[in-house]
Protein chains: 4
Amino acid sequence: MSAEVPRIGVWFAGARGSVSTTAIVGALAITHKLVERTGLVSERPELAGVALPDFGDLVFGGHDVDPTPLPRRAELLADAGVVPGALVRKLVGELGEVDHRVRQVTGLPAGRQIEYARRVEHDIEEFREREACDRVVVVNLSSTEPPLAASPAHADPDALELALRGPTPVLSVSSLYAYAAFRAGCSFVDFTPGAGARLPALAELARRQRLPWAGSDGKTGETLVKSVLAPMFAVRNLRVRSWAGTNLLGGGDGATLADEQATASKAASKARVLGEVLGYEVDAPLHIDNVPDLGDWKTAWDHVSFEGFLGTRMAMQFTWSGCDSALAAPLVLDLARLLAHAHGAGRSGPQAALAFFFKDPVDSAEHRLAQQFESLVEWAHGLGDRS
Amino acid sequence: MSAEVPRIGVWFAGARGSVSTTAIVGALAITHKLVERTGLVSERPELAGVALPDFGDLVFGGHDVDPTPLPRRAELLADAGVVPGALVRKLVGELGEVDHRVRQVTGLPAGRQIEYARRVEHDIEEFREREACDRVVVVNLSSTEPPLAASPAHADPDALELALRGPTPVLSVSSLYAYAAFRAGCSFVDFTPGAGARLPALAELARRQRLPWAGSDGKTGETLVKSVLAPMFAVRNLRVRSWAGTNLLGGGDGATLADEQATASKAASKARVLGEVLGYEVDAPLHIDNVPDLGDWKTAWDHVSFEGFLGTRMAMQFTWSGCDSALAAPLVLDLARLLAHAHGAGRSGPQAALAFFFKDPVDSAEHRLAQQFESLVEWAHGLGDRS
Amino acid sequence: MSAEVPRIGVWFAGARGSVSTTAIVGALAITHKLVERTGLVSERPELAGVALPDFGDLVFGGHDVDPTPLPRRAELLADAGVVPGALVRKLVGELGEVDHRVRQVTGLPAGRQIEYARRVEHDIEEFREREACDRVVVVNLSSTEPPLAASPAHADPDALELALRGPTPVLSVSSLYAYAAFRAGCSFVDFTPGAGARLPALAELARRQRLPWAGSDGKTGETLVKSVLAPMFAVRNLRVRSWAGTNLLGGGDGATLADEQATASKAASKARVLGEVLGYEVDAPLHIDNVPDLGDWKTAWDHVSFEGFLGTRMAMQFTWSGCDSALAAPLVLDLARLLAHAHGAGRSGPQAALAFFFKDPVDSAEHRLAQQFESLVEWAHGLGDRS
Amino acid sequence: MSAEVPRIGVWFAGARGSVSTTAIVGALAITHKLVERTGLVSERPELAGVALPDFGDLVFGGHDVDPTPLPRRAELLADAGVVPGALVRKLVGELGEVDHRVRQVTGLPAGRQIEYARRVEHDIEEFREREACDRVVVVNLSSTEPPLAASPAHADPDALELALRGPTPVLSVSSLYAYAAFRAGCSFVDFTPGAGARLPALAELARRQRLPWAGSDGKTGETLVKSVLAPMFAVRNLRVRSWAGTNLLGGGDGATLADEQATASKAASKARVLGEVLGYEVDAPLHIDNVPDLGDWKTAWDHVSFEGFLGTRMAMQFTWSGCDSALAAPLVLDLARLLAHAHGAGRSGPQAALAFFFKDPVDSAEHRLAQQFESLVEWAHGLGDRS
């Protein structure tokens with residue numbers, strides 16, 4: 001690392017949502033030493049020494065369709081028990097400053113893809129210059145979107161450029177952000193289950209631009225637990241017969257996922273874990289229910305039926321009652337720090353070693369959490385430790 | 001490995017108990033290709049090639065205080081749903097043959113330690129000769145025993161020899177079996193939470209005799225789950241605030257554990273996992289209740305309260321409904337095969353790489369299941385693969 | 001009651017299914033004093049003295065599309081742990097005799113409603129005469145069916161008679177059995193969620209024929225628990241905010257319910273309880289998943305979010321692991337005994353006092369189990385006690 | 001009822017504890033129409049018309065060993081999520097006024113029983129006069145106490161008077177409050193599991209003074225659920241085989257209950273429900289664990305093993321995550337209102353119809369919640385409705 005401390009921009013698509021608001025409150029609180037660093041993987045002893053940017057060197061900005069300013073969003077999260085009210089009261093001024101760097105956008109208008117993409121690119125570049133950032137990480141936290149229809153334009157960057165000029169929509173919002181991020185020379189994290197950068201044309205664009213990226217679909221709750229329990233059944237040679245799951249959640253995510261299409265995208269992403277860890281197909285019905293009264297608090301129930309020695313049938317159940325934003329926010333900060341460092345260290349393309357953070361990891365069939373953590377630690381130290 | 005296939009004796013202390021009966025039924029059924037090898041860790045693809053003895057090369061014998069013959073014990077287990085009735089009906093003749101190699105013993109009589117130990121040693125040696133075994137693994141499956149009072153005789157083999165001749169009891173039953181096993185030149189597995197070979201005098205005796213041993217307290221249910229969930233909380237930097245557990249079990253084990261002292265021994269063995277994996281002390285009340293109507297079926301409930309980013313409080317619960325004998329029996333067979341192979345390969349002393357199988361692993365502070373499995377695989381291949 | 005003991009025919013639509021097979025095995029076993037009367041509500045002390053037919057006075061017959069004979073069906077249930085194998089072995093001869101009174105039918109052929117209905121009616125009448133039954137109770141245990149399209153012919157018996165002669169289907173199978181039962185002078189129980197007798201035309205037919213009937217959708221598991229928990233929240237003035245439920249089940253029922261339409265019918269029937277007990281609408285997503293590996297064993301998970309004093313938010317969860325056939329079979333026998341007695345006592349029309357047995361009780365908005373039981377007891381004694 | 005609205009004093013033993021603080025906050029909030037009346041049984045439609053005192057006619061006072069003033073106690077409860085912070089901020093002034101009517105006491109000093117009892121009596125009387133109360137209800141909310149040693153002085157009021165003058169302790173604190181309450185002409189509620197008024201001498205004293213009383217041990221969580229589930233198993237004739245329970249709780253109560261003796265008293269009180277509802281003895285191990293990190297939030301897990309038709313084994317589990325103070329506080333207000341009304345209506349002695357509120361109801365073997373509620377409603381209307 002250079003003697004100069006780099007200044008890192010973090011640009012959120014969905015900057016006023018629960019996850020990004022919690023992440024921003026947390027980064028400010030840590031900078032002021034108001035809280036512990038609980039939940040941050042990048043603060044684990046195993047990663048000590050890796051030359052990650054400090055929290056005080058992160059500058060936040062972004063887009064959102066919601067005009068509610070960040071201080072108000074933070075108060076609402078405090079009322080819902082997601083972040084401590086006392087913390088929000090102390091940080092209200094600084095949250096207001098961050099909010100000045102958030103620009104309101106409309107949804108993607110029909111037939112105006114290229115303008116939208118250029119607007120995103122322009123806003124990111126302006127942010128980088130104005131804030132004098134050495135590097136910017138673009139993090140997609142926008143709502144879960146329906147699966148994207150296939151298009152020949154997805155195969156090649158040049159074909160994509162042409163298609164974007166046409167009236168037919170070829171990229172979903174998550175992919176438009178990836179496209180704009182890469183054009184602007186930024187690394188990219190897709191924390192949602194959408195397509196994001198996972199189209200050959202975009203992957204090629206990242207490669208040409210020599211930019212690293214990571215995704216997709218942050219692993220925060222039920223799937224996190226699956227990624228340790230499924231390997232447990234595997235190494236004990238116990239045969240999983242069925243694994244049924246139900247997720248109850250409210251908040252914006254709950255509402256979005258109630259939309260059947262969107263659920264299909266999420267459920268598919270969750271389903272990979274079992275087959276790839278166990279090595280055989282398991283009957284695994286999975287439901288996501290919108291229960292508005294639960295807000296940001298997600299409750300999942302899983303029922304695992306398995307078979308042991310001589311065919312004896314047994315069962316395990318678990319319930320997970322977690323606050324999704326509080327689980328996701330530190331991972332977003334981890335990813336921003338790690339990817340900024342990887343960018344500085346000259347890595348480009350999909351970073352398979354970040355599979356640890358995702359339900360549907362790009363370029364990796366490793367879903368076992370312990371093995372993912374080992375890869376992460378080795379990769380991170382390989383980027384360069386503090387001198 | 002020699003061209004000759006070695007014949008391996010497996011001598012059970014507690015040969016007519018549920019675990020050993022299930023293990024014997026299973027080994028016979030596998031030899032006759034009547035069942036799948038589900039639940040056997042030694043049959044995992046990761047261990048393929050390791051020159052373990054075949055199931056057909058295992059000869060079973062042992063001691064028990066219970067006169068009920070094995071075929072009858074197997075029928076009772078079938079009635080309780082632990083093993084399939086059809087399997088027992090097919091194997092009843094062979095179970096009767098095995099039963100001829102089981103000798104009934106009384107409990108340890110006061111003031112007759114040395115006679116008891118010599119009797120055990122003699123029976124094991126006679127079994128080895130009569131059955132023409134190349135090697136014998138002694139497996140302790142006797143009931144959970146109260147913690148042992150400390151004695152100076154535990155420190156040194158010679159002091160122990162002397163003390164055993166006196167009237168004051170210095171070794172519990174599990175340790176007497178370890179002592180007799182080592183004197184008879186056999187490797188030893190302690191599958192119960194008792195002291196077993198874990199006294200300096202016995203460890204030294206094993207070393208002198210150049211014998212490998214393993215223990216203690218088979219990890220079959222709640223602790224197995226803990227050994228993957230605790231590392232999950234750790235790598236995600238989530239702070240566990242309390243971890244309360246309740247185990248309901250019937251059967252002989254339930255009755256024994258109802259005895260408060262015995263429970264203390266079991267609970268202590270279970271408690272190591274959390275502190276050593278998490279690196280801090282956690283409030284972790286743990287109960288073991290004897291619920292006779294549950295028989296061999298154990299139900300455990302764990303409630304984990306944890307803290308995430310910015311101190312947000314969350315919780316996870318799980319219930320585990322497992323058949324203890326069906327979970328333990330294949331591990332006993334795994335350990336017999338692995339330890340026999342280690343003995344043949346010239347290993348001696350406590351085998352830390354077998355920590356994977358135990359709640360309270362000897363010579364190892366590694367309780368994370370994934371890491372334990374890696375060590376196991378490396379160690380096993382190090383013993384020698386099939387040529 | 002007359003001095004003569006009446007002989008009661010029980011005619012099952014679905015006579016070789018799991019529920020009816022279990023009911024028949026149970027009635028025979030009780031007659032031979034081979035088992036306790038556990039699970040039979042009609043054997044509660046509160047109903048002692050009510051002049052119900054004895055189990056030995058019940059004669060079973062019925063229809064099924066499945067040709068597998070009852071002794072074989074019973075063996076399969078024994079293998080699945082639903083009924084004890086030893087019991088089946090003792091009763092195999094008598095089960096074979098009952099099977100001679102079961103006639104195989106095809107599914108309802110298109111455009112042949114009237115022939116089908118007449119065939120059913122004829123078979124029931126022939127059974128009654130051949131077996132010299134004083135009265136026959138027809139019990140519908142056929143598969144859950146999709147909701148029925150409305151038709152003007154449902155309003156009036158005479159219009160219905162005409163419509164049945166036409167090519168357009170106007171009655172589902174459950175309703176065709178109700179129609180045939182009433183024409184044959186038999187009382188009728190609908191144990192499934194289908195329309196059954198709940199059409200004005202059929203209700204009027206029952207009234208004309210002076211026949212009692214009961215329904216619908218046997219309350220065996222999750223809804224049973226709801227019918228005591230919802231009143232608990234109500235009398236404590238705790239406000240239920242959401243009540244989410246998931247049902248995992250295999251067996252024939254699981255497969256049928258996987259069909260989305262059929263699920264709609266089942267879910268609607270389950271949903272009545274909450275609104276009617278609590279007096280306000282509650283967000284209550286409900287899933288029924290087909291998990292073949294669970295067979296007859298149903299596992300339900302319910303998550304109740306509620307609000308207490310000063311708006312404090314709390315939660316309750318339960319899981320129910322029950323064997324559906326073992327829960328349903330005794331209720332079917334209870335209903336047959338009670339309805340036969342009501343028929344003998346001259347009752348006609350829907351019997352609201354049998355609401356205790358049903359998820360979707362006809363003519364009753366009372367879903368609270370304790371109050372339903374009080375009504376049942378009062379009604380039963382009102383029919384006439386033994387002299 | 002007289003045209004004059006009576007003014008009712010409510011005197012708490014333990015006035016600054018979580019339950020009483022929550023009750024006082026709630027009564028003030030209701031008086032000012034700041035909150036809904038959720039959780040108050042006395043506000044159920046079934047009790048509409050009963051001439052209960054309004055919340056604005058209740059005056060609070062009491063004793064506590066803790067000097068922390070009520071406004072501070074309320075803030076602490078708000079931080080713990082038990083009461084809304086905004087509510088506390090609005091009521092801080094009035095809470096301060098109530099706190100002036102709370103007098104700090106020391107624990108019961110050895111050998112000074114009679115002085116202690118007279119001091120309590122004097123403070124209650126002074127409160128009644130100063131506040132011009134028509135009647136006072138004394139509510140015991142002090143900590144769970146160990147079971148009381150039997151004494152001949154418990155049999156007779158006159159013997160008790162003598163014994164209290166001696167140096168040997170004969171009454172626990174809960175009983176001393178009952179004694180003082182009755183001497184002062186006040187009705188008495190024992191909300192804790194201690195002896196309270198349940199000694200022949202005290203019951204006789206209440207009769208002589210013509211005072212009503214109620215107890216004991218408020219039914220707030222796990223036992224509340226048991227009191228509806230056990231009757232469910234009973235009316236369905238399902239045989240409960242075992243019912244194991246674990247309660248995790250923190251707060252002051254958790255710490256007290258960690259004391260083994262005190263737990264014995266609580267566990268005995270909980271155990272009555274099953275035997276009396278089911279009519280047979282059930283193996284029912286019950287644990288209460290002190291888990292400080294849970295604070296006022298109690299989590300209970302119950303595992304019920306039961307047997308259905310033909311002996312089929314099934315199981316049900318539930319977890320209850322409740323805030324104990326939020327569950328108890330409205331019941332305390334209900335009891336104060338109901339008992340004040342009963343006192344005005346001339347009732348004396350133990351009020352069995354209040355069994356609905358208690359784990360260990362005095363003078364009643366009815367533990368079924370539905371039946372208890374019916375008795376309560378009938379009894380309350382019998383006291384006199386508003387004209």
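## Strand pairing across the interface

Strand β10(C) is joined by seven bridges to strand β10 of chain D, residues 313-323, and the two strands run antiparallel. Within this pairing, C:Thr319 stands opposite D:Gln317 in β10(D). The model is predicted.

## Extent of the interface

On each side, 63 residues take part: 63 of chain C are in contact with 63 of chain D. Together the two chains bury about 4,700 Å² between them, with 65% of that area on carbon and sulfur atoms. In chain C, the residues that lose the most area to chain D are C:Arg236, C:Phe309 and C:Leu310, which together account for 20% of what that side buries.

## Polar and charged pairs

How many salt bridges does the rule find across the interface of chain C and chain D? The rule finds zero. For polar contact, the rule finds 16 residue pairs across this interface, counting pairs with both residues at pLDDT 80 or more.

## Contributing elements and composition

Several elements of chain C each supply at least two residues of the side that touches chain D. The helices are α1 (18-31), α8 (222-235), α11 (324-344) and α12 (369-383), and the strands are β9 (297-307) and β10 (313-323). The largest share of this side, eleven residues, comes from β10(C), the strand that is also bridged to β10 of chain D.

By class, the side of chain C that touches chain D has 40 nonpolar residues, 14 polar residues and nine charged residues.

Definitions and conventions. Residues are numbered from 1 along each chain as its sequence is written. Chains are lettered from A and ligands numbered from 1 in the order in which they are written. This is a predicted model: local features need pLDDT of at least 70, side-chain atom pairs count only at pLDDT 80 or more; totals for chains, interfaces and linings use all residues. Side-chain values use heavy atoms; hydrogens and water are left out. Contact means heavy atoms within 4.5 Å. Buried area is the accessible area (1.4 Å probe) that two parts lose on being put together, summed over both. A salt bridge is a side-chain nitrogen of Lys or Arg within 4 Å of a carboxyl oxygen of Asp or Glu. A polar contact is a pair of N or O atoms within 3.5 Å; within protein, one must be able to donate a hydrogen and the other to accept it, and residues adjacent in sequence count only if both atoms are side-chain atoms. Helices (H or I, at least four residues) and strands (E, at least two) are DSSP runs, numbered from the N terminus. Ala, Val, Leu, Ile, Met, Phe, Trp, Tyr, Cys and Pro count as nonpolar, Asp, Glu, Lys and Arg as charged, and the others, Gly among them, as polar. Two strands pair if DSSP finds at least two bridges between them.
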